[in-house]
Amino acid sequence: MIYPFKDKEPQISESAFIADYVTITGDVIVGDESSIWFQTVIRGDVSPTIIGKRVNIQDLCCLHQSPNKPLILEDDVTVGHSVVLHSSIIRKKALIGMGSIILDGAEIGEGAFIGAGSLVPPGKKIPPNTLALGRPAKVVRSLTQEDIKDMERIRREYVEKGQYYKSIKK
């Protein structure tokens with residue numbers, strides 16, 4: 001379901017895939033070839049949510065904001081199942097593992113990997129190309145070439161999967 005909120009209407013690229021049972025409201029932008037998967041909620045009724053190109057937001061995610069604090073996902077981001085993102089910045093090629101929570105003012109560096117079930121507290125900055133995990137999330141190591149290849153594979157597969165589902169959606 002796509003809803004306006006007051007004078008704001010979601011802007012969704014024609015090449016994006018929006019699965020059934022997704023709710024998107026208000027001041028939300030979804031970029032080219034991005035995919036928003038089943039039962040995700042993106043509410044742009046407080047501040048903007050900006051989603052770049054080739055971003056995949058997997059099933060059961062919740063995206064929201066605080067006043068004057070937008071939520072920004074740059075290009076090529078992967079957001080795993082059941083993630084909560086709130087007024088944070090997720091830089092290019094980052095991966096947010098399943099069940100993680102990223103809170104206001106947190107910034108996930110370019111190419112960083114947040115391990116499943118992690119909590120990134122308000123204002124925390126995770127450096128680029130690192131693995132951070134835990135509650136609260138702490139950097140545990142730099143990413144390996146294998147990590148980077150796997151993150152790229154996931155991004156590529158979700159773009160392909162999203163375009164496939166878009167082609168068969170009635």
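Predicted model: local features only at pLDDT ≥ 70, side-chain atom pairs only at ≥ 80, totals over all residues.
Trainee: Which polar contact joins the side chain of Gln65 to another side chain?

Mentor: The one with Thr49, at 2.8 Å. A polar atom of the Gln65 side chain also lies 3.1 Å from the backbone nitrogen of Ser47.

Trainee: Where is Gln65, and is it buried or exposed?

Mentor: Gln65 is in the loop between strand E8 (62-64) and strand E9 (71-73). Helices (H or I, at least four residues) and strands (E, at least two) are DSSP runs, numbered from the N terminus. Gln65 is buried, at 2% relative accessible area; buried means under 20%, exposed over 50%, and partly exposed in between (1.4 Å probe, protein chains only).

Trainee: What does Gln65 touch?

Mentor: Leaving out residues up to four places away in sequence, Gln65 touches residues including Arg43, Asp45, Leu71 and His86. Contact here means heavy atoms within 4.5 Å.

Trainee: Switching to the sheet. What is the strand order?

Mentor: The order is E3-E5-E7-E10-E13-E16-E19-E20, an open sheet of eight strands with mixed pairing. Strand E3 (17-18) and strand E20 (138-142) are the edges, each pairing on one side only. Two strands pair if DSSP finds at least two bridges between them.

Trainee: How does E19 pair with E20?

Mentor: Strand E19 (residues 130-133) runs antiparallel to E20, with four bridges joining them. Ala132 is opposite Val139, and Leu131 is opposite Arg141. Four residues lie between the strands of this hairpin, where Gly134 has a positive phi near 110°.

Trainee: And which strand pairs with E19 in the parallel sense?

Mentor: Strand E16 (residues 113-114), over two bridges. Ile114 has Ala132 as its bridge partner in E19.

Trainee: How many salt bridges are there?

Mentor: Nine. A salt bridge is a side-chain nitrogen of Lys or Arg within 4 Å of a carboxyl oxygen of Asp or Glu. One of them joins Arg91 and Glu74 at 2.5 Å, N to O. Arg91 is in the loop between strand E12 (89-90) and strand E13 (95-96), and Glu74 in the loop between E9 and strand E10 (78-79), so the pair ties together parts 17 residues apart in sequence.

Trainee: What about Lys125?

Mentor: Lys125 forms a salt bridge with Glu107, the closest N and O atoms being 3.7 Å apart. Lys125 lies in strand E18 (residues 125-126) and Glu107 in strand E15 (residues 107-108), so this pair links parts that are 18 residues apart in sequence. Lys125 is exposed, at 55% relative accessible area.

Trainee: Which salt bridge does Glu157 form?

Mentor: Glu157 bonds with Arg153, with the closest N and O atoms 2.9 Å apart. They are four residues apart in helix H1, which means about one helical turn of separation. Glu157 is partly exposed, with a relative accessible area of 30%.

Trainee: Which residues are joined into one network?

Mentor: Glu74, Arg91, Glu107 and Lys125, through salt bridges that share partners.

Notes. Residues numbered from 1 in each chain as written. Heavy atoms only, no water. Polar contact = N/O pair within 3.5 Å; in protein donor to acceptor, adjacent residues only side chain to side chain.
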